[in-house]
Amino acid sequence: MLDDFPFYLGLLIIILLLIMLGNKIKIAYPVLLVLAGLVISFIPGIPAINIEPELIFFIFLPPLLYEAAWTISWKELWRWRRIITSFAFIVVFISALSVALVANYIIPGFSLALGFVLGGIVSPPDAVSAGAILKFVKVPKTISSILEGESLLNDASSLIIFRFAMIAVATEQFIFYKAAMSFSWMIFGGVAIGLLIGWLFMKAHKYLPTDANADIVLSLLTPYIIYLAAEEVHSSGVLAVVSCGLLLSNNRHRFLSSRSRIQGVNVWESLCFILNGLVFMLIGLDLPQITKGLEGVSLLTAIGYGVLITVVLIVSRMISSYGAVIVTLIARNFITVADRRHPGYKTPFILGWTGMRGVVSLAAALSIPVYLNNGNGFPQRNLILFITFIVILLTLLIQGLTLPYFIRKIKLPNIYDVPREEAYHQIRQELAEFALHYLKTNYDGQVENNTSLQHLIQKWEQHIKGIDDESISQDLKHIYLDLLNQQRQWLINRNKEDQTLDESIIRRQMHYLDIEEEKLRYL
């Protein structure tokens, strides 16, 4: 391991350079990293990369899911819950079923159960790839919210399909009522465990004498503990981590200090930045090792199978995207939907084309055991691994490189969006008015003789972004801290009252208030 340390150190440097290059030339970094890993793997003398499935599932997956749950808006998730759950569960199942049927019919020796194993592996799109691409193009908030919400749930649904298919392959039977009970436990048990452990961590943050460093370390431990606890009782570790992340994210201002929130954001962004970079680089590095494991099928034939499955996935998702819109248009006549306006043909096309595969597919494929419980080798294991890598590679290259072009070409309508800067300044104006009203109502008796308090009032009257760097009294600090807490509560209430308000605007203003509170430590 120590002998290979310079190699891994060099990989990190290459990852950073490629991500910077991707930002410069406006190409999603997952595409560059996979290609770079593939090129590096063919250099003579490069250490062979053998990825352990536990490394991906346990080291990479929990923190990436947890961070995604922290950044998503619960309000947007709930608002678009029907289409999100349709994509995360129904579309994933349709994709897995399509792959299973085609693989069973086309690929020799592929049973229907093996087809579902492959379908469960390649059915979930990767949120990291889509997020990296959408950084360079402007899309309506609706689409980004739906894609973010889908990414939180589709991992769980695909892994559930994968797990049941693995059981069917191992036992050569499928008992429906047992599968239904196990399915229910995986979903509801995973959510319950996530909420319970999340509540315990929330109380630990609140009542233990922690500082910012301790809070951040606890937050780093949280997704691993939850994932392990859920998997130990055979429920969904993915859903447990996601549900816990959503719970803690929506209560962060109740148990974390402003310093913990500010520093925690920086730590988590840096951690997930390097984890995502490593995973996509490893995908490219490991492909030659998978190729060497192919037996009983030629490389050209295996590539053909990979291309076929990729086409099946793209077509099934595109059809499902338009099907979901049609169902929504019909359903709005009977139930309340998030928005009754017609999305047109453009929005479903982009939702359907945003189907790059990545981290979860890689982890699931690598977790296939070499041998069954009876000692026999797992059927078609190497071919499944190879097809998975081809699917990841092709979807990243084909869809990843063309998605920005399609978004710019078809000019998506902003029928759901309010101009964000305009909405942000409106919230700032209302918040300043609330601050002035609160100060004059609760501290009116101190204004006349307290010049510092007069200065604070002038600050909000003029919308000044920061306090002048001058010393202020402890009394004024207490007043200002009280005001900041009241403003946070006002923002939380405002977010709940206005369901059309973009929650990212509220979070941006919350972050500003945290920075204001941190300034007081140095005044």
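How do the residues of the lining of the second largest pocket divide into nonpolar, polar and charged? I looked this up in a predicted model.

**Entry: ground rules.** I number residues from 1 along each chain as its sequence is written, and I use heavy atoms for side-chain values, with hydrogens and water left out. In this predicted model local features need pLDDT of at least 70, side-chain atom pairs count only at pLDDT 80 or more, and totals for chains, interfaces and linings use all residues.

**Entry: confidence.** I read an average pLDDT (the predictor's confidence in each residue, from 0 to 100) of 79 for the chain, with 85% of the residues at 70 or above. For residues 464-471 I found pLDDT below 50, yet 23 contacts (heavy atoms within 4.5 Å) beyond near neighbours in sequence.

**Entry: second largest pocket.** I noted a space of about 630 Å³. I counted 21 lining residues, and Phe57, Arg163, Tyr227, Glu231 and Ser367 are the closest to the centre. To the opening question, I get 14 nonpolar, four polar and three charged. Helices H3 (53-71), H8, H10 (212-232) and H11 (237-249) each give two or more residues to this lining. I see the largest share, seven residues, coming from H8.

**Entry: serine 158.** I located serine 158 in helix H8, residues 141-171. Leaving out residues up to four places away in sequence, I found serine 158 touching Val92, Gly120, Ser123, Pro124 and Val360.

Note on methods: Helix = DSSP H or I, 4+ residues; strand = E, 2+ residues; numbered from the N terminus. 1 Å grid on protein atoms, 1.4 Å probe; cavity = no way out; pocket = protein on both sides within 12 Å on 5 of 7 lines; lining within 4 Å. Points joined across faces, edges and corners; volume = space filled by probe spheres on them. Nonpolar A, V, L, I, M, F, W, Y, C, P; charged D, E, K, R; others polar.
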